[in-house]
Amino acid sequence: MNNRSSFFAGILIGLGACGYLALGGIAGAIIFAFGLIGVVLSGSLLYTGRAGVMPLKETGQLVLIWLFNILACVLLGLMMKALGGESIERAQSMVTARLAQGPWRVFLRAVGCGLIIDIAVWLYRTTKSMLPVLFGVPLFILCGFYHSIADVVYIVAAWDWSWGLLWYYPLIVLGNYAGCNVRRIVLPEDKK
């Protein structure tokens, strides 16, 4: 497992999240796709790109991928916070609205994101077409689904501590994991 690759994947997703904070809406959702496109083309290790394909015995490696992904996003979130402006207001609004969803909805929104990201990456790996990635990222954003790595940028940029973050963020991580594993459960091994 390459920690640099995981950190770089975090940078790519973090840059996509920064683009979404800067633009918002459909344009921001499309720009966000830069992050996942960069991940799949560079072969970088992303938590949501690996959670549906790594064997359970490699859970420790998946945790390291996640840690280095979020470390990069913490740094990008701090950069956004330092730059200030409308992006910070958008991040604060996003985090407040997400916390208001309650635990069950947060988990389900994270499952939706994990499902879409896993399918997009799987389709890229099997077809070498970038279209699933290009459309998958805006799809999860416009559906209002939550990405455990990108959300670190939003949380840090918002810099608005709340006790709700203690349940909110772990539920996103677990929900993404669950969503990333739907395909593995539904499709028999020989049809993957």
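The buried residues of helix 9 pack against helix 3 (47–50), helix 4, helix 5, helix 6, helix 8 and helix 10 (182–186), where contact means heavy atoms within 4.5 Å and helices are DSSP runs (H or I, at least four residues) numbered from the N terminus. The structure is a predicted model, in which local features need pLDDT of at least 70 and side-chain atom pairs count only at pLDDT 80 or more, while totals for chains, interfaces and linings use all residues. Residues are numbered from 1 along each chain as its sequence is written, and side-chain values use heavy atoms, with hydrogens and water left out.

In helix 9, the residues Leu165, Tyr168, Tyr169, Ile172, Val173, Gly175, Asn176, Gly179 and Cys180 are buried, that is, under 20% relative accessible area, as against over 50% for exposed residues and values in between for partly exposed ones (1.4 Å probe, protein chains only). Seen down the axis, these buried residues fall within an arc of 165°, so they line one face of helix 9, the arc being that of the directions from the helix axis to the C-beta atoms. The face turned away from this buried side carries the exposed residues Leu166 and Leu174.

In helix 5 (residues 86–99), the buried residues are Ser87, Ile88, Ala91, Met94, Val95, Arg98 and Leu99. They cover an arc of only 125° around the axis, which puts them on the same side of helix 5, whereas the face turned away from the buried side carries the exposed residues Glu86 and Glu89. The cover over the buried residues of helix 5 includes helix 1 (3–23), helix 4 (59–83), helix 6 (103–127), helix 8 (150–158) and helix 9 (165–180).

The axes of helix 1 and helix 5, taken as lines fitted to C-alpha atoms over the stretch in contact, with angles from 0 to 180 degrees between N-to-C directions, come within 8 Å and cross at roughly 100°. Helix 1 and helix 5 are therefore roughly perpendicular to each other, a term that applies to angles of 65 to 115 degrees. In this contact, Tyr20, Leu21, Ala22 and Leu23 of helix 1 meet Ser87, Arg90, Ala91 and Met94 of helix 5. Ser87 is buried, with a relative accessible area of 10%, and, when residues up to four places away in sequence are not counted, touches Leu21, Ala22 and Met80.

Cys143 is placed in the loop between helix 7 (131–142) and helix 8, and at 37% relative accessibility Cys143 counts as partly exposed. Cys143 and Asn176 are 33 residues apart in sequence and 15 Å apart in space, C-alpha to C-alpha.

Key
Helix = DSSP H or I, 4+ residues; strand = E, 2+ residues; numbered from the N terminus. Parallel < 35°, antiparallel > 145°, perpendicular 65-115°, else oblique.
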